[in-house]
Amino acid sequence: MVKIVSAPSGYQHAQSLRNHLVNSAGMNFRPFDGRPVFPRQIEIHLPNSTMLHCNFKCVHCEGRLVEKDRWSYDKLLFGLIRNLDGRIPNFIISGAYTEPTLNRNLINYIELIKSTGANYGLHTNGLLFACRESKQKFLSRLFSVSDPGDYISVSLDAGSHASFEKTKQVPGILFDKVLEGVGIAGALKDQNKDESPKLRLTYLLNPDNVATAEIESSVKIARAMGADSLRFSIPYAPYGTPMPGSIHYQSSFEVPVFAHASKNLAPYLSVSGEDRPFVFFLPPETQDVNRMYFSRCFHGYNMITLGADGMLYRCSSTASPTFAGHRLGIMTRKMHRFMKILLKNQDPDFNPAKRCMPAGARCTRAALDINATFGLIHDSQDLWRLISHGLLS
Ligand SMILES: C[S@@+](CC[C@H](N)C(=O)[O-])C[C@H]1O[C@@H](n2cnc3c(N)ncnc32)[C@H](O)[C@@H]1O
């Protein structure tokens with residue numbers, strides 16, 4: 001049996017939401033009482049004006065399956081960030097089918113977010129880091145505004161040119177460019193007294209990158225780059241996969257890859273919270289489709305997602321035109337409109353078991369953790385009871 005060391009605090013989603021609600025709404029919090037609450041984070045699936053949605057074609061990416069659309073809403077987004085003025089404390093810049101570094105304004109967004117006092121998280125494949133650094137001083141500027149609440153997450157997903165090529169479906173030599181960029185980030189991090197931002201590497205496992213040599217190589221890379229963490233996990237079935245397909249995927253892919261990976265990963269997993277990089281493995285229970293039959297969704301208190309198509313969505317898992325029925329409204333910088341949209345995202349009558357599962361939409365890991373924990377909460381008394389019983393300490 002592999003020893004699974006608990007994930008770092010950034011991955012304790014229910015706990016983070018509890019902290020957010022205590023800090024923002026406090027004793028006044030009553031779920032679904034008709035008053036909008038600023039969520040803990042907004043996730044932005046950043047579009048760009050190049051010919052490409054993304055510069056990779058990862059085998060595990062939902063972008064292969066969902067309908068894609070892009071709307072260049074840069075001006076509106078600058079306005080929204082300014083008007084929010086830090087009231088949503090975390091901005092996660094990522095994509096469902098886009099790569100955020102393809103947008104040349106990315107650094108300006110990050111600088112603006114930081115000027116409002118909010119934190120950022122950036123999810124990227126890292127390919128353009130080196131090029132953006134030489135053209136825009138992208139990484140230097142980013143590191144100069146960061147603090148320990150910020151993070152960069154690079155989707156490494158490989159330990160060699162060969163597995164990189166198979167997983168990302170681009171020439172393996174590009175692995176060197178990713179490593180060059182992450183290396184620059186690691187060096188800049190060293191120069192920051194507080195070693196900010198956090199540098200997280202992620203590694204989605206598949207039959208081409210699960211061998212011991214691949215894993216050992218990625219751990220060495222994480223160490224050499226000065227990464228804070230290296231997360232291994234099993235790719236979930238792309239969102240949009242009909243439920244029977246997701247259940248089949250679980251038994252035919254997740255379970256065998258988990259068994260294989262558990263054996264190979266065991267010697268490399270961290271056993272102390274002090275380890276740097278902290279190497280950990282998220283098991284398939286964290287994304288188990290059989291645990292997702294909830295009658296209410298608390299995830300709207302955790303986040304709202306701005307899709308690359310300019311629509312606001314309930315969840316990062318549904319932020320594409322494939323899930324048009326999960327749209328909350330069109331992107332706006334006007335606060336009174338935005339608040340109305342937030343309220344729609346905190347709707348007591350939204351039943352995920354009826355609305356998500358039949359549409360092939362599933363909980364993200366964060367939504368699963370939050371709904372499994374917060375599903376026990378019906379009023380503020382329940383919330384405080386859970387806290388006092390240490391369930392959300
Ligand atoms: C879709 S990517 C887009 C951002 C960027 N292009 C990148 O590669 O990180 C956003 C995040 O989703 C994760 N991801 C993509 N497909 C996944 C899957 N099938 N299962 C789990 N995570 C997945 C990636 O590892 C990445 O952290």
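**Entry 1**

I looked up glutamate 43 and found isoleucine 92 of β2 opposite it. The model is predicted, so I note that local features need pLDDT of at least 70, side-chain atom pairs count only at pLDDT 80 or more, and totals for chains, interfaces and linings use all residues. Residues are numbered from 1 along each chain as its sequence is written.

Helices (H or I, at least four residues) and strands (E, at least two) are DSSP runs, numbered from the N terminus. Strand β1 covers residues 41-45, and strand β2 covers residues 90-94. I found five bridges between β1 and β2, in the parallel sense. Two strands pair if DSSP finds at least two bridges between them. Strands of a sheet pair through backbone hydrogen bonds, either parallel or antiparallel.

From β1 the chain goes through helix α2 (residues 74-84) to β2, and I noted this β-α-β crossover as right-handed. A crossover is right-handed if, with the strands pointing away from the viewer, the path from the first strand over the helix to the second runs clockwise.

I then checked the other partner of β1, strand β8 (residues 303-306), which runs parallel to β1 and is joined to it by four bridges. Isoleucine 44 stands opposite leucine 306 of β8.

Is β1 buried or exposed? I found five of its five residues buried. A residue is buried if 20 or more other C-beta atoms lie within 10 Å of its own, exposed if 12 or fewer, and partly exposed in between, with C-beta atoms placed from the backbone. In a regular strand the side chains alternate between the two faces of the sheet. On one side of β1 I listed Gln41, Glu43 and His45, on the other Ile42 and Ile44, and both faces are covered.

**Entry 2: the whole sheet**

I followed the order of the open sheet as β7-β6-β5-β4-β3-β2-β1-β8-β9-β10, 10 strands with mixed pairing. The edges are β7 (278-282) and β10 (327-330); each has a single partner strand, so one side of each is left without a neighbour in the sheet. On average, neighbouring strands are turned by 20 degrees against each other, direction ignored.

For an antiparallel pair I took β8 and strand β9 (residues 311-313), which share two bridges. Here threonine 305 stands opposite tyrosine 313 of β9.

**Entry 3: helices that cross**

Which helices did I compare? I took helix α1 (residues 13-24) and helix α13 (residues 365-374), whose axes come within 8 Å and cross at roughly 65 degrees. That makes α1 roughly perpendicular to α13. Angles under 35 degrees count as roughly parallel, over 145 as roughly antiparallel, 65 to 115 as roughly perpendicular and the rest as oblique. Axes are lines fitted to C-alpha atoms, for helices over the stretch in contact, and angles run from 0 to 180 degrees between N-to-C directions.

The crossing of α1 and α13 is right-handed. A crossing is left-handed if the near helix is turned anticlockwise from the far one by less than a right angle, and right-handed if clockwise. On the α1 side I listed His13, Ala14 and Leu17 as making the contact, and on the α13 side Ala366, Asp369, Ile370, Thr373 and Phe374. Two residues are in contact if their C-beta atoms, placed from the backbone, lie within 7 Å.

**Entry 4: single residues**

Asparagine 302 belongs to helix α10 (residues 299-302). I count it as buried because 27 other C-beta atoms lie within 10 Å. Beyond four places in sequence, its contacts include His13, Leu17, Ala366 and Ile370.

Isoleucine 234 sits in the loop between β6 (229-233) and α9 (243-265). Isoleucine 234 counts as buried, since 24 C-beta neighbours lie inside 10 Å.

**Entry 5: backbone exceptions**

Most residues other than glycine have a negative phi, and most peptide bonds are trans. I looked for departures. The bond from serine 196 to proline 197 is cis, with omega about -5 degrees. Another cis bond joins arginine 276 and proline 277.

Aspartate 157 has a positive phi, near 60 degrees, and lies in the loop between β4 (151-155) and α6 (161-168). Phenylalanine 32 also has phi near 60 degrees, and its place is the loop between α1 and β1.
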